[in-house]
Every structure is written in C-alpha cells, then in structure tokens.
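Please examine the sequence and the structure shown here before reading the explanation.

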Amino acid sequence: ENPAPVTVIGLGPMGAAMARAFLDRGHTVTVWNRTAAKAEPLVALGATAAPTVADALRANELAVLSLTDYAAVYDLLTPAADALAGRVIVNLSSDTPDRAREASAWLAGHGAHHLTGGVQADPSGIGAPGTSTFYSGPREVFDRYADTLSVLTGTDYRGEDPALAPLHYQLGMDLFWTGLAGWLHSVAVARAHGVSAQEFLPQAASTAASLEQMFRFYSPRVDAGEHGGDAERLSMAAASIEHVVDTADRAGVDPALPAAVLALARAGVDRGHADESLTSLLHLLHRA
Ligand code: NDP
C-alpha cells in the first residue's frame with residue numbers, strides 16, 4: 001500500500017521535523033507556513049509548497065497542524081474554512097482541553113474531522129524510536145491514519161473525547177514545569193553558596209528518584225481518600241518548607257516559589273489538617 005499523502009501546516013521546529021519524517025518514509029508531502037521561507041528546505045527535500053492554506057487543505061484528505069496554539073489554528077483555518085469539508089485535521093498544536101473540544105465542534109460545523117494530539121517529544125524525537133503522542137477524537141478516523149501517524153512517534157489513543165489528548169499532555173506539563181522550576185530554584189540556592197549545578201547533580205538525581213517513590217506510595221492512598229499522617233505530617237512539612245524559604249531568602253534568592261508552597265501548607269494547617277499527610281492539601285487545591 002502506498003504511503004498516504006499528507007499536508008503539514010506550521011513549520012516551526014516541530015512541524016518541520018514532522019514534514020521531514022514523512023518525506024523520509026516516502027510520503028507525498030504538501031507544506032504551508034506563514035513565514036514562507038521555512039518551507040524552502042523541505043521543498044529541497046521533495047515537498048510541495050502550497051500557495052495558500054486553502055490549497056494546502058485541498059491537496060490531501062489528511063492535514064497535520066503544528067502551530068503555537070489554537071488561536072493560531074483559528075487564524076489560519078477561518079479564512080480557509082471552505083476547504084475544510086471532508087478533511088481530517090490532526091491538530092498537534094498544544095492548548096487546553098476545553099479549547100480542543102471547542103475546536104472539534106467548530107471543525108465539525110465545517111464538515112471536517114478533528115484528531116487532537118499531545119506530542120511527548122522534542123523535534124529530535126520525531127521519527128525516532130521510543131517517543132509517543134497522545135491522540136483523541138473519533139476512533140474510526142484515528143484507526144484510518146494510525147499507521148501514517150506512527151511515522152512521527154508512537155501513538156497512544158486516549159479516547160473519543162477530543163479533550164483527552166490535551167488533558168493528558170497538560171497533566172505531564174503541569175508536573176514537568178513546576179518540577180523543573182523547583183530544580184532550578186534549588187540550583188540558584190546552591191550557586192549562591194558556591195555549589196555548582198554539577199556538584200549538586202547526584203543529590204538532585206536521588207531526590208528526583210525519591211519523588212517517584214513518593215508518587216507510587218501516595219497514588220493508591222490518594223485514590224482511596226486516605227491522607228493519614230503516619231508517614232509525614234503537614235505541620236512537619238510546613239516547618240520544613242519554612243526552612244527552605246528562609247535558606248533561599250538569606251542566600252539572596254527570590255523565595256517566591258517555595259513561599260507559594262509554604263502558603264498552601266499553612267492554609268492546610270489552618271483548616272485543621274496539621275496531623276494529616278501533605279496530600280490532605282488536595283482538599284484545598286480543589287476549588288469547590
Ligand atoms: P513554534 O512556536 O516554533 O512554531 C509554531 C508554528 O506556528 C510556526 O509555523 C508559526 O509560523 C506558526 N504560527 C504561530 N502563530 C501563528 C499565527 N497566528 N498565524 C499563523 N501561523 C502561526 O513551535 P514548535 O514548532 O516548537 O511547536 C509546535 C507545537 O508543538 C506547539 O504547540 C508546541 O507546544 C508543541 N510541542 C513542541 C515541542 C518542542 O520541543 N518544540 C515539544 C512538544 C510539543 P511562523 O513560522 O510564521 O512564525
């Protein structure tokens with residue numbers, strides 16, 4: 001069976017890597033990008049540059065979108081809406097679950113199918129083994145193009161609701177950005193004391209590994225609604241986090257990040273959770 005012809009719209013680092021991966025695997029590729037010059041290296045590799053978004057959509061049933069966010073998706077597709085009927089839009093632009101669901105309704109109104117995605121790889125991981133992308137949307141549409149999409153990364157279909165792929169992507173990003181910022185904060189305190197990031201690295205790595213152990217220990221308890229303070233108590237956590245804030249402050253490092261965690265822990269103590277686990281803060285995190 002011949003590889004399916006595919007349109008790629010949005011040629012940032014990610015979209016360009018995707019177009020290259022399709023070309024490498026023998027797909028006929030049509031590309032479009034707002035900044036037209038970014039199409040040139042791909043045309044040199046055999047892609048066809050469409051003059052307009054509408055032309056790019058009409059060229060193939062399948063169009064992969066790789067744009068900054070859904071605002072950019074509407075900017076591009078609204079003027080080309082007449083070309084959407086019958087198309088399969090695989091939207092690998094990141095945004096919120098709600099916006100993904102809204103966009104699916106909007107696209108359905110124009111007769112197009114929408115598969116949403118969340119790519120868990122950087123551009124160097126596109127076409128490489130061991131990477132994965134969440135997908136959601138109509139199962140039958142996903143199944144039709146699953147082999148084609150597996151050219152990019154492994155595929156992890158999460159369900160019919162188009163909000164699911166961006167939801168699972170955002171769950172990872174939530175932990176990723178707050179965790180990475182936490183690491184950066186500890187590096188700032190280390191450096192303020194003349195300890196380099198590399199000197200701190202073995203300890204950073206073992207702390208990260210202990211976090212995974214915490215996730216494994218607490219996940220079943222959280223799911224069971226158990227927040228017992230047998231392993232650690234929130235009052236202890238609040239005192240410990242206060243030391244972190246003070247240590248940063250005295251080192252001349254902005255303590256805003258741990259201070260936000262301290263404020264949350266203190267609010268939990270004030271609400272009567274002092275003898276429970278830190279996980280009892282879930283009661284405060286959920287805004288009823
Ligand atoms: P970039 O922001 O570098 O590229 C985005 C693309 O969107 C460019 O083609 C840009 O066009 C286009 N664009 C943005 N705004 C508009 C607009 N208003 N109208 C028309 N075109 C617009 O992003 P990446 O290529 O790095 O990533 C693409 C998507 O993939 C993002 O949603 C990102 O979150 C996601 N992603 C990226 C990863 C990465 O490591 N890069 C990792 C995982 C996901 P122009 O060239 O003209 O500026």
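The paragraphs that follow treat the ligand and its surroundings, and then the aromatic pairs.

This is a predicted model, in which local features need pLDDT of at least 70 and side-chain atom pairs count only at pLDDT 80 or more, while totals for chains, interfaces and linings use all residues. Residues are numbered from 1 along each chain as its sequence is written, and side-chain values use heavy atoms, with hydrogens and water left out.

There are 23 residues around the ligand, and those that come nearest are Asn-33, Thr-35, Lys-38, Leu-67 and Ser-94; a residue counts as near if one of its heavy atoms lies within 4 Å of the molecule. By class, this shell holds eleven nonpolar, eight polar and four charged residues. Nonpolar here covers Ala, Val, Leu, Ile, Met, Phe, Trp, Tyr, Cys and Pro, charged covers Asp, Glu, Lys and Arg, and the others, Gly among them, are polar. Helix 4 gives the most to the shell, with three residues; helices are DSSP runs (H or I, at least four residues), numbered from the N terminus.

A search of the whole structure finds five aromatic pairs, where rings of Phe, Tyr and Trp (its six-membered ring) pair if their centres lie within 6.5 Å, and planes under 30 degrees apart count as stacked, over 60 as edge-to-face and the rest as tilted. Tyr-74 and Trp-106 form an edge-to-face pair, with 5.3 Å from centre to centre and 80 degrees between the planes. Because Tyr-74 lies in helix 4 and Trp-106 in helix 5 (residues 97–109), this pair ties together parts that are 32 residues apart in sequence.

Methods: Helices (H or I, at least four residues) and strands (E, at least two) are DSSP runs, numbered from the N terminus.
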